[in-house]
Amino acid sequence: MRKIFGTLLLAIGSAAAAQQPAATVIAVPPLTSPDSGDKGNQMLAVGWNVTQAIEADLRQTAEVMPLKPNRDDYYSYPEVTAPTFSKWRSVGAKALVTGFVQGRSDGRLTVGCYVYDVDKGRELARKGFIIGANDWRRAAHKCSGLAYTAITGAPGIFDTRITYVAESGAGEARTRRIAVMDSDGQNHRYLTAGDAMVLTPRLAPNASQLAYVSFAGGRPAIRIIDLGSGQERPLVPSDAISFAPRYSPDGSRIVFSMMLGANSDIYVVGANGGQPQRLTTAPGVDTDPSFSPDGGKIVFESDRSGSQQLYVMNADGSGERRISFGGGWYAAPQWSPDGQWIAFTRRGQDGRRIGIMKADGTDERALTAGPGDDGASWAASSREILYERTGANGRNGLYRVALDGSQPRPLATPQDGSDPDWSGVMD
Amino acid sequence: MRKKLFALALLLGATAAEAQLPGLRRRGPAQPQQPLLQGIDALRAEFAAQSGGTTIYYGGGSVALAPTARPTLALQAAWLRRHPEAVVRVEGYGDGQDTRDHALAAGAARAEEVRSYLVLLGVPAAQVSTTSWGKERPGLGRAVTVLVR
């Protein structure tokens, strides 16, 4: 019997592998420059940095596979707008991203970025950016996003930020700090000192501010940090226990949970303050609210039926309706940025795993095998999910999984990590 | 024998006389009331011993008090009524297998159940606060009454 079950699992595994679509191969030749002489060499050096960053960006994705760029492979300026498609076909590329870096008289740089369909021999997209001399990495992220969107039709995930809880030590002595970094791991920094326990940081859609739960006052309460100024304040002035914050898609509101006696309900408040408005009143635990991308609806979890299940309501609290009906418990939902899916943690006898279902509750799929997965957060592309996995040794790490059925991959962090949250594309 | 008794009576008389003297002689303000002599650790030990335990366990994801918790809470309440100067914080814990935010809410609800029951038994509400550690500290789902002052 056990043997049959094992064989069945194997068969399911290979069927999933067979379904996995091939990634689009994209050529990323070195960015060139119209400038000449010393300046030209400087611009080519910047261009090489940008090229490597584009390759690294695209290599993170499940859908696009960059060819390794070669610095000696000089790419002429006229070729930017008139590529030799036969050359790229011969190396197996289906797409091409190329461009140039040009110095400006004010010391800044112009970066031009072009994306082509190699098979059809036509341009898919182009975009130019004027940037500070040291901001080449952001130009690379914008360029990667242009290529990714041209190929997949989904928003790029490169000019985004990730926040999470960095953990060191174990058990009672574990210290936790809020960390934030660019989605490629650059510009990593800690926002809290580690003297108080912290949980669930959540970025505003444009990554300008961040909400998190702090135990600094003795009880868990939501605080807001402005990432530009570093200023911090409590979300609500009361000393009530508050948790599970999430921003509205336009960044103007925060929806969260607050305890009133033994009852946890969902509230909404302006991201810059104001009087919280109560949205649910059912007895029991209502928590983990998340807005739909149009801001008109909220998905949340409630144990009002006796077990944790997912519900959708209008943003004013009316029209509550249950959407999860499988066995076990459903928790921690987040609405995808494209509005199609709801990611969640499903809890059963075999542990916790990440899954998705359509916003109406149909077409449920498991994305991870568990048993210690939680905290799903969507990429801006709606094609990937970042989550935390607790290992058998009790240590936490961050993983990303694509919707195409491919295997989850670890996301490197300097320390153990939990509670990841992925921002939208920055302005 | 008689000599001995006489000596004892003398001694007692002297002691009694001595004992009255300070009160008769004293001038100025009265001595302040003796502060709590016990340290917080000793007081915690006494609270734990006389209340039959500081921890209430919750089974199977429930946040409702089990009937078996009531005798312990009755003893906690009796001790707290005898010690109005003491302040406690009830710390709730969720279950390790739960999701993070539900565990936080469940811990808070468990702490609140204990607090409500203590208040029902006559403990002044101001003497009892609550918090939740969710699933962030290991161990079973529980609520622990911690003496903080």
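Q: Which residues does Asp265(A) touch, not counting residues up to four places away in sequence?
A: In this predicted model, Asp265(A) lies in strand β15 (residues 263-270) of chain A. Leaving aside residues up to four places away in sequence, Asp265(A) touches Ser257(A), Met258(A), Leu260(A), Arg278(A), Thr280(A), Thr281(A) and Asp286(A).

Q: Is Asp265(A) buried or exposed?
A: A residue counts as buried if 20 or more other C-beta atoms lie within 10 Å of its own. Asp265(A) has 22 other C-beta atoms within 10 Å, so the answer is buried.

Q: What separates the C-alpha atoms of Asp265(A) and Thr280(A)?
A: Thr280(A) is among the residues that Asp265(A) touches. The two are 15 residues apart along the chain, and their C-alpha atoms are separated by 5.5 Å.

Q: Ala332(A) and Asp363(A) each have a positive phi in a residue other than glycine; which of them is buried and which exposed?
A: Phi is near 50° in Ala332(A), which lies in strand β21 (residues 329-335) of chain A. Phi is near 60° in Asp363(A), whose place is the loop between β23 (351-358) and β24 of chain A. Asp363(A) has 11 other C-beta atoms within 10 Å and is therefore exposed. Ala332(A) has 29 C-beta neighbours inside 10 Å, so Ala332(A) is buried.

Q: How many bridges join β22(A) to β23(A)?
A: A hairpin joins β22(A) to β23(A) through two residues. Phe344(A) stands opposite Gly355(A) in β23(A). Strand β22 (residues 341-348) of chain A and β23(A) run antiparallel, and the number of bridges that join them is eight.

Q: Which residue in the hairpin of β23(A) and β24(A) takes a positive phi near 95°?
A: β23(A) and β24(A) pair in the antiparallel sense over two bridges, and Ile356(A) stands opposite Arg365(A) in β24(A). The hairpin has six residues between the strands, and the one with a positive phi near 95° is Gly361(A).

Q: How many of the eight residues of β23(A) are buried?
A: β23(A) has β22(A) as an antiparallel partner, and also pairs with β24(A). β23(A) is largely enclosed by the rest of the structure, because the number of its eight residues that are buried is six.

Q: Which peptide bond is cis, with omega near 5°?
A: Look at the loop between β24 (365-366) and β25 (373-378) of chain A, where Pro371(A) lies. The cis bond, with omega near 5°, runs from Gly370(A) to Pro371(A).

Q: Which strands stand at the edges of the open sheet in chain A that has five strands?
A: The order of this sheet is β2-β1-β3-β4-β5 (chain A), and the pairing is mixed. Each edge strand has a single partner strand, so one side of each is left without a neighbour in the sheet; these strands are β2 (64-66) and β5 (122-131) of chain A.

Q: What angle does the direction of α5(A) make with that of β5(A)?
A: Helix α2 (residues 37-59) of chain A packs on this sheet, touching β1 (24-27), β2, β3 and β4 of chain A, and its direction makes about 145° with that of β3(A). Helix α5 (residues 136-152) of chain A also packs on the sheet, touching β1, β2, β3, β4 and β5 of chain A. For α5(A) and β5(A), the angle is about 160°.

Q: Which element gives the most to the side of chain B that touches chain A?
A: Here 17 residues of chain B are in contact with 28 residues of chain A. On the chain B side, α4 (100-120) and β3 (128-134) each supply at least two residues. The residues of that side divide into seven nonpolar, four polar and six charged. With 10 residues, the element that gives the most is α4(B).

Q: Which residue of chain B is named among those that touch the most other members of the largest nonpolar core?
A: This core has 97 residues, and Phe256(A), Ile342(A), Ala343(A), Phe344(A), Ile385(A) and Leu386(A) are among those that touch the most other members. α4(B) gives the most to this core, with 10 residues.

Notes: Residues numbered from 1 in each chain as written. Chains lettered and ligands numbered in written order. Predicted model: local features only at pLDDT ≥ 70, side-chain atom pairs only at ≥ 80, totals over all residues. Contact = placed C-beta atoms within 7 Å. Helix = DSSP H or I, 4+ residues; strand = E, 2+ residues; numbered from the N terminus. Nonpolar A, V, L, I, M, F, W, Y, C, P; charged D, E, K, R; others polar. Core = buried A, V, L, I, M, F, W, Y, C linked by C-beta atoms within 7 Å. Buried ≥ 20, exposed ≤ 12 C-beta atoms within 10 Å, placed from the backbone. Pairing = 2+ DSSP bridges. Axes fitted to C-alpha atoms, helices over the stretch in contact; angles between N-to-C directions.
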